[in-house]
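I opened the notebook to look up helix packing and backbone angles. These are my entries.

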Amino acid sequence: MPPKAKITKDMVIDAAFEVAREAGGESINARTVAKKLNCSTQPVMYHFATIEELKKAVYKKADGYHTEYLMNITQDNVLLSIGLNYIRFAVEEPRLFRLLFQSGFAAENSLLEMVNAEELTPVISAMREAMNLNMEQTKEIFITLALFVHGYASIIVNHSLEYDEDLISTHLERVYTGSILAMQEEMK
């Protein structure tokens, strides 16, 4: 009899991540993950004492995936590209978007805590370079843009608005330009 394949912790996380992508974070349980892995629930529970621990690991993986997605900058305007990527992520990965931003799993309890989180450093740094501002000024502009793009993304992911990239780009450009102008006025 051939030896059974060893199910690693990373394999469990990857399978649970796929469950979250396909059916939502609330669908992660020992049975759904075991089914993805084509094994019993024992390996799942061996690596994670609770499903809550597994969901936190999946959240962390989804957060990293989201950051990579945001940083796939395809336009000259870095802020516009990041903002559109955030909204596009909600359109293309609605279940992961809900897991990340509408499930209560975020370690930060507020936008102000999030803007200082280590995981957001690559995004804030790219914005800072693009705007040629200091870190505090960049964070202020980020907060304005985050409120705007998160509102758009949430409305779209909850099926209350159709995705129209041209219209969203126009609105995002206005918010971006207005935020920069307001910051320049404050600096005078």
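The entries below start with the ground rules and then go helix by helix.

**Ground rules.** I am working from a predicted model, where local features need pLDDT of at least 70, side-chain atom pairs count only at pLDDT 80 or more, and totals for chains, interfaces and linings use all residues. Residues are numbered from 1 along each chain as its sequence is written, and side-chain values use heavy atoms, with hydrogens and water left out. I took helices as DSSP runs (H or I, at least four residues), numbered from the N terminus.

I checked the length of helix H1 (residues 9–23) first. Its 15 residues should span 21 Å at 1.5 Å a residue, and the end C-alpha atoms are 21 Å apart, which agrees. The expected span is 1.5 Å times one less than the number of residues. Next I listed the buried residues (under 20% relative accessible area, 1.4 Å probe, protein chains only). In H1 they are Val12, Ile13, Ala15, Ala16, Phe17, Val19 and Ala20. Their cover includes helix H2 (30–37), helix H3 (42–47), H4 and H6. Just after H1, I found Gly24 with a positive phi of about 100°.

**H1 on H2.** The two axes (lines fitted to C-alpha atoms over the stretch in contact, with angles from 0 to 180 degrees between N-to-C directions) lie 9 Å apart, at an angle of about 110°. H1 and H2 are therefore roughly perpendicular, a label for 65 to 115 degrees. Contact means heavy atoms within 4.5 Å. Met11, Val12, Ala15, Ala16, Glu18, Val19 and Glu22 of H1 make it with Thr32, Val33, Lys36 and Leu37 of H2. By class, I read 7 nonpolar, 1 polar and 3 charged residues.

**H4 on H6.** I turned to helix H4 (residues 51–70) and helix H6 (residues 94–101). Their axes come within 10 Å and cross at roughly 115°. H4 and H6 are therefore also roughly perpendicular to each other. From H4, Val58, Tyr59, Ala62, Asp63, Tyr65 and His66 meet Leu96, Leu99, Leu100 and Phe101 of H6. The classes here are 8 nonpolar, 1 polar and 1 charged.

**Positive phi.** Most residues other than glycine have a negative phi. I noted Asn132, not a glycine, with a positive phi of about 55°. Asn132 sits in the loop between helix H8 (121–131) and helix H9 (135–157). Asn132 is exposed, at 71% relative accessible area; the cut-off for exposed is over 50%. His159 has a positive phi near 65°. I placed His159 in the loop between H9 and helix H10 (165–187). His159 counts as exposed, at 70% relative accessibility.

How values were computed. Helices (H or I, at least four residues) and strands (E, at least two) are DSSP runs, numbered from the N terminus. Angles under 35 degrees count as roughly parallel, over 145 as roughly antiparallel, 65 to 115 as roughly perpendicular and the rest as oblique. Ala, Val, Leu, Ile, Met, Phe, Trp, Tyr, Cys and Pro count as nonpolar, Asp, Glu, Lys and Arg as charged, and the others, Gly among them, as polar.
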